[in-house]
Amino acid sequence: MPTTTAIAGMCHICQQTVAGHRIRRHLSRCIPARVGLTMVQDPLSHISQRTAHISVRAPGKPHWLELGVRCDVTLRELDKFLRSAWLECCGHLSHFLIDDVIYSVMVPMPWEDRYFEPEYEGEENWRHMGEIIDSVIAPLTKFEYEFDYGTTTELELECLAVLGDLVGQVSPKQPWHGGKIVILGQNHSQQTCLKCQQPALWKLVAEYDEDEVFDYELYEAEEVLYEDDLDPIIFCEECAPPEGNFIPLANSPRVGANCFDNTHSWETWSLPEYPPD
């Protein structure tokens with residue numbers, strides 16, 4: 001994993017703030033203590049009842065995610081989650097690299113074209129993202145992910161452990177992920193609320209243009225100091241006024257890419273089943 005100093009964030013199991021470099025050790029203790037789950041003793045238990053703890057880092061950046069991923073989830077489903085949580089903007093291509101094999105949607109599923117022949121050098125090591133997690137990674141497996149082949153965002157992932165049905169226990173509290181993937185921990189936003197200086201979660205935008213930030217007398221009445229038209233009006237959960245047009249504030253290693261605006265992240269999305277009926 002990268003050596004970049006990871007900033008502090010929240011453990012979503014106990015809701016405590018934890019230093020970025022300690023979050024994995026914290027979760028290894030917090031999950032058994034709070035949820036009662038440990039390493040799976042029976043590797044033959046049904047894959048939908050097993051959870052892979054996958055750690056995600058962005059090399060050179062302080063952002064991090066700790067995920068619980070059901071072992072029957074496909075790489076394509078994990079790809080969709082990473083897009084939704086961190087990356088999506090314009091539907092760019094992406095791939096995983098696991099044990100020198102590239103998993104991409106650019107090759108057909110096995111049942112779509114069993115006679116697929118590579119056209120380019122190295123394509124003989126390409127597979128479709130329809131492979132399930134359980135078949136391609138195991139505890140201590142390290143792998144890579146790339147999103148957008150123009151302004152590329154690279155991620156490094158590692159499967160730390162396989163636990164019992166952690167997703168099943170945590171998922172009711174995280175309804176946006178489709179019931180197959182949960183966030184165990186994530187770094188705090190690096191931007192702070194205009195009122196209390198806590199990590200900011202929401203950005204105020206104009207009704208007619210989600211990228212244009214504006215100033216209302218309402219917020220002057222709320223004693224928000226706002227002097228520079230280029231500064232965003234951002235709030236934490238508790239300080240956000242009850243009225244206004246807000247979007248989630250980007251907390252992503254994708255920030256800075258020309259096409260990234262976070263307007264697509266955290267939209268409601270579903271995870272398709274593979275193979276289709």
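**Exercise 1.** Work out in which sense strand 6 and strand 7 pair, and over how many bridges.

*Solution.* Start with strand 6, residues 101-104: its pairing with strand 7 is parallel and runs over three bridges. Strands here are DSSP runs of E with at least two residues, helices are runs of H or I with at least four, and both are numbered from the N terminus. Two strands count as paired if DSSP finds at least two bridges between them. Next, look across: tyrosine 103 sits opposite arginine 127 of strand 7.

A word on the model: it's predicted, so local features need pLDDT of at least 70 and side-chain atom pairs pLDDT 80 or more, while totals for chains, interfaces and linings use all residues. Numbering starts from 1 along each chain as its sequence is written, and side-chain values use heavy atoms, without hydrogens and water.

**Exercise 2.** Decide whether valine 105 is buried, partly exposed or exposed.

*Solution.* Find valine 105 in the loop between strand 6 and strand 7. Its relative accessible area is 36%. Buried means under 20%, exposed over 50%, and partly exposed in between (1.4 Å probe, protein chains only). So valine 105 is partly exposed.
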